[in-house]
Amino acid sequence: MKKIIVLVLCLILGSTLLAGCSGNGESFTQKNYTADGGQIKEICIDVRDRQIEVALSADNQIHIEYSESSKEYYDISASDSGVLTMTAAENKQWTDYIGGKTAASYRKLSLQVPEILLTTLKLSTTNEDILLPALTVSGNVELTSTGGNINFEKLNVGNSIIISAKNGDISGTVIGSYDEYTISCNVKKGESNLPTEKSGGEKMLNVSNNNGDIAIEFVKE
């Protein structure tokens with residue numbers, strides 16, 4: 001019996017020591033990235049465990065505000081063809097995954113974009129939400145979240161909207177009429193106000209969700 005008690009105490013002590021080295025005390029730095037809104041036509045952001053909140057830019061430039069550390073950081077680049085890419089990168093040991101999450105204040109990514117200059121917007125994250133304001137994109141919008149909600153208002157696109165979620169809800173409004181869109185909707189373990197299939201529209205709305213609801217309305221400008 002004494003051996004069992006000693007073993008349990010050792011396990012508890014070991015876990016405590018590992019948790020102390022888990023990165024909870026990791027030092028994050030607030031950073032800003034700015035790109036010429038007149039040069040960038042496509043934005044692709046693929047991150048993990050970060051809320052993505054989009055807002056309209058006050059100066060027609062593209063601004064990204066984020067936090068990073070030596071273990072959690074981002075690769076950001078702008079191509080000559082006008083594509084701005086931001087992807088998550090990390091330098092972690094297995095012990096860094098033991099313990100609590102990164103503090104909430106560091107798990108937010110703010111993206112400011114010009115109101116009408118983008119042709120493509122692609123955003124993807126995990127375990128957090130994606131939030132969009134009233135926004136016009138001349139081409140395509142693609143939103144993906146695993147473990148978070150996707151919410152948007154008065155989304156106006158020229159070609160297509162593709163939205164995918166898991167373990168979260170999808171809700172928002174789309175500029176235009178119901179008849180303008182060819183619709184494809186797939187929902188599992190949730191409810192949806194969209195039809196499974198609907199043809200005849202010049203634009204495309206493709207929505208899928210697993211373990212969450214879909215509520216999308218069509219509205220006038």
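## Basis of the description

The model is predicted, and local features need pLDDT of at least 70, side-chain atom pairs count only at pLDDT 80 or more, and totals for chains, interfaces and linings use all residues. Residues are numbered from 1 along each chain as its sequence is written, and side-chain values use heavy atoms, with hydrogens and water left out.

## Salt bridges

The structure holds 6 salt bridges, a salt bridge being a side-chain nitrogen of Lys or Arg within 4 Å of a carboxyl oxygen of Asp or Glu. One of them joins Glu-90 to Arg-48, with the closest N and O atoms 3.9 Å apart. Because Glu-90 belongs to strand 6 (residues 83–90) and Arg-48 to the loop between strand 2 (42–46) and strand 3 (51–56), this pair ties together parts that are 42 residues apart in sequence; helices (H or I, at least four residues) and strands (E, at least two) are DSSP runs, numbered from the N terminus. Glu-90 is partly exposed at 38% relative accessibility, and Arg-48 is also partly exposed, at 41%, where buried means under 20% relative accessible area, exposed over 50%, and partly exposed in between (1.4 Å probe, protein chains only).

A salt bridge also links Arg-107 with Glu-128, whose closest N and O atoms are 3.0 Å apart. Arg-107 sits in the loop between strand 6 and strand 7 (108–113), and Glu-128 in the loop between strand 8 (120–126) and strand 9 (130–131), so parts 21 residues apart in sequence are tied together by the pair. Arg-107 is buried, with 17% relative accessibility, and Glu-128 is likewise buried, with a relative accessible area of 15%.

Glu-180 and Lys-203 meet through their side chains in a salt bridge with an N to O distance of 3.8 Å. The pair links distant parts of the chain, 23 residues apart, with Glu-180 in the loop between strand 14 (170–175) and strand 15 (181–188) and Lys-203 in strand 17 (residues 203–210). Glu-180 counts as partly exposed at 32% relative accessibility, whereas Lys-203, at 16%, is buried.

## Positive phi in two asparagines

Asn-167 has a positive phi of about 60° although it is not a glycine. Its place is the loop between strand 13 (160–166) and strand 14, where Asn-167 is partly exposed at 42% relative accessibility.

Asn-211, which is likewise a residue other than glycine, has a positive phi near 70°. Asn-211 lies in the loop between strand 17 and strand 18 (214–219), and its relative accessible area of 39% makes it partly exposed.
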